[in-house]
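Here are my notes for anyone opening this entry for the first time. Have a look at the model below, then take the points in order.

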Amino acid sequence: MPLLSVNNIEVIYDDVILVLKGMSLSVEEGQIVAVLGANGAGKTTTLKAISGLLKTEEGEVTDGTIEFDGVKIDGMEPEKIVKLGIFQVMEGRRVFEDLTAKENLVAAAHTQKCSRGELEERIGQVYHYFPRLKERENGLAGYLSGGEQQMLVIGRGMMARPKLMMLDEPSLGLSPLLVGEIFEIIVKLNKELGTTILLVEQNARMALNIADHGYIMENGKIVLDDTTEKLKNNEDVKQFYLGLTEMGTKRSYRDVKHYKRRKRWLT
Amino acid sequence: MQEFLQLIVTGLVIGSVYALVAMGFALIYKSTSILNFAQGEFVLVGGYVCLWLYTDMGIPIVAAFFITMIIAVFMGVMLERLILRPMIGEPIISVIMVTIALAAVLKSVVTILWSTQIRVFSPPIFSQKALEFGVVRISEVYLWTVGFAFLFLAIFAAFFKFTRVGISMRAVANDQQVAQSMGISVKKVFAISWSIGAMVSAVGGTLVGNINGVNITLSDFGLKVFPAVILGGLESIGGAIIGGLTIGVLENIMGSYLDVYLGGGVKEIAPFIVLIVILMIKPYGLFGIKEIERV
Ligand SMILES: Nc1ncnc2c1ncn2[C@@H]1O[C@H](COP(=O)(O)OP(=O)(O)OP(=O)(O)O)[C@@H](O)[C@H]1O
Ligand SMILES: [Mg+2]
């Protein structure tokens, strides 16, 4: 049985805007699963449906079910879902700017009934993965660099010791070098700590390199899913997500064929 | 010079109580975005409840003080749960009207229960005997007041800085949705904010009641809070504390030096003159939201 399974869900915002139209995916324990898709495809919405944060934005799962570890979680309060072991690292590096880096980590362990000692130990573990955070621990998080902020939000996720960590575009706006560093750590979290990862990304190349399984999402549903090995060799994926034509050169965004090919997936 | 020092010291005493009440107000605003116009009525209720427990019921003062705090906490939680939480998502103006109505109701309840004439803690708890500190004289009751006020301010400053609950409250104030994403219950944080807000005000009421006695004008403390928090910046708890102290000192000094020229009453309006001046020159307060800009 998969750790997480999203079965044919429909999500509506503000009672009228239909954003997810029969979205399904499943994540096996111990895997890294990537979800790729263009802007507005509904990737973030999918994660919010799973974490329960949809409720904070007038969104609602109106059809289908979401199951985690054998428990039906759609409709649950976000606090409960975090306690069950899902942690969403939100898009856009949303650190608590007025808190120090260390306080950000402490706040993230809110659901954990652990002693002071255990708390410090976990903070130590985050610093082990992100030594730079240790140096800045008493600085206000708002003044950290973009890369450090990304490390901090992932570190917050680690504080809750989730079974499933969902990362929303962790590479957004970071230099290629830093993206590499962040992705290496994601792999480490998965291999060393056994955290199952659901990764939403625009950086398809990176995501497909580290993931076991990939989903391609368009317009509120999955249009393609396969092992990453197969996806990397799929012509459409190569063309639209890896930016390669058959000859292996970068394709132009103005390429009209793009839209034609795209349509095929929708039908 | 001696008189000036004296005015500063006595101003700081009342200012420390303003600081307590302003801290409660700023806390509620910061975490729930509600401007609580009933803050002064929490002071009123606190003063009357403690006086009633001590003077009328004959409960020892330490116990009376703790029971007062417990009642205030309970009141804060209930008000949040029953009146303010259902207002979440309503327009700001409706929420403000609700707190104004709440203020009126609390005032009438106090009037009905205890009538309006001034009452004093009897037998007196602290002596009025003046102690000499160099050139400054300060009565014992003032010393106790400022001591307790600072004690409570320090306790809460430490609470927000060092405890896990305090840190999650600041997290909610900073970004509600992200706080929720890590399992922090915003509802609980709202309830805690209201109960702390009510509790520190009740402590303020008890302290001032011991200096001047209690009557219905205790609720005016709620008005003094506005210049204090505007001075300190609505979003800043530290700023509210400094604002409260400053207003206490300013009104004392302005009152005593300008009354001769203007025929009295300056002390009562001084804080509001400060308020207007601040709004004109520094609309976000001296310690207002320092949004961190990044490029
Ligand atoms: N709170 C909301 N209320 C109304 N509509 C929303 C809300 N959040 C998202 N949407 C709409 O839902 C659609 C999907 O948004 P979503 O954020 O899930 O996309 P995404 O795949 O994460 O895109 P991106 O890659 O740009 O982050 C968009 O059309 C968006 O405008
Ligand atoms: Mg998104």
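1. Start with strand β8 (residues 196-201) of chain A, where 6 of the 6 residues are buried. Buried here means under 20% relative accessible area, with exposed over 50% and partly exposed in between (1.4 Å probe, protein chains only). Thr196(A), Leu198(A) and Val200(A) point one way from β8(A), while Ile197(A), Leu199(A) and Glu201(A) point the other way. Strands (E, at least two residues) and helices (H or I, at least four) are DSSP runs, numbered from the N terminus.

2. A word on how to read all this: it is a predicted model, so local features need pLDDT of at least 70 and side-chain atom pairs count only at pLDDT 80 or more, while totals for chains, interfaces and linings use all residues. Residues are numbered from 1 along each chain as its sequence is written, chains are lettered from A and ligands numbered from 1 in the order in which they are written, and side-chain values use heavy atoms, leaving out hydrogens and water.

3. Which strands pair with β8(A)? On one hand there is β3 (residues 32-37) of chain A, parallel to β8(A) over 5 bridges, with Val33(A) opposite Leu198(A). On the other there is β7 (residues 164-168) of chain A, also parallel over 5 bridges; here Leu167(A) has Leu199(A) as its bridge partner. Two strands pair if DSSP finds at least two bridges between them.

4. Zoom out and you get an open sheet of 6 strands in chain A, ordered β6-β7-β8-β3-β9-β10, with mixed pairing. β6(A) and β10 (221-227) of chain A are at the edges with a single partner strand each, so one side of each has no neighbour in the sheet. From one strand to the next, the twist averages 15°. Helix α7 (residues 176-192) of chain A packs on this sheet, touching β3, β7 and β8 of chain A, and its direction makes about 155° with that of β8(A). Contact means heavy atoms within 4.5 Å; axes are lines fitted to C-alpha atoms (for helices, over the stretch in contact), and angles run from 0 to 180 degrees between N-to-C directions.

5. Chain A also has an open sheet of 4 strands, antiparallel, in the order β2-β1-β4-β5. Its edge strands are β2 (17-27) and β5 (71-72) of chain A. β1 (residues 4-13) of chain A joins β2(A) over 8 bridges, and Val6(A) is the bridge partner of Leu25(A). Helix α1(A) packs on this sheet, touching β1, β2 and β4 (59-68) of chain A.

6. What coordinates the magnesium ion (ligand 2)? Thr44(A) through OG1 and Glu91(A) through OE, at 1.9 to 2.5 Å. Thr44(A) is in α1 (residues 43-51) of chain A and Glu91(A) in the loop between β6 (86-89) and α3 (101-108) of chain A, 47 residues apart. Thr44(A) is buried at 18%; Glu91(A) is partly exposed at 32%. Donors are N, O and S atoms within 2.8 Å of the metal (3.2 Å for Na, K and Ca), and water is not among the atoms, so sites may look incomplete.

7. Over in chain B, α5 (residues 140-162) and α6 (residues 164-174) pack at about 75°, with axes 5 Å apart. That makes α5(B) and α6(B) roughly perpendicular. The residues in contact include Phe159(B) and Phe160(B) from α5(B), and Ile167(B) and Met169(B) from α6(B).

Notes:
Angles under 35 degrees count as roughly parallel, over 145 as roughly antiparallel, 65 to 115 as roughly perpendicular and the rest as oblique.
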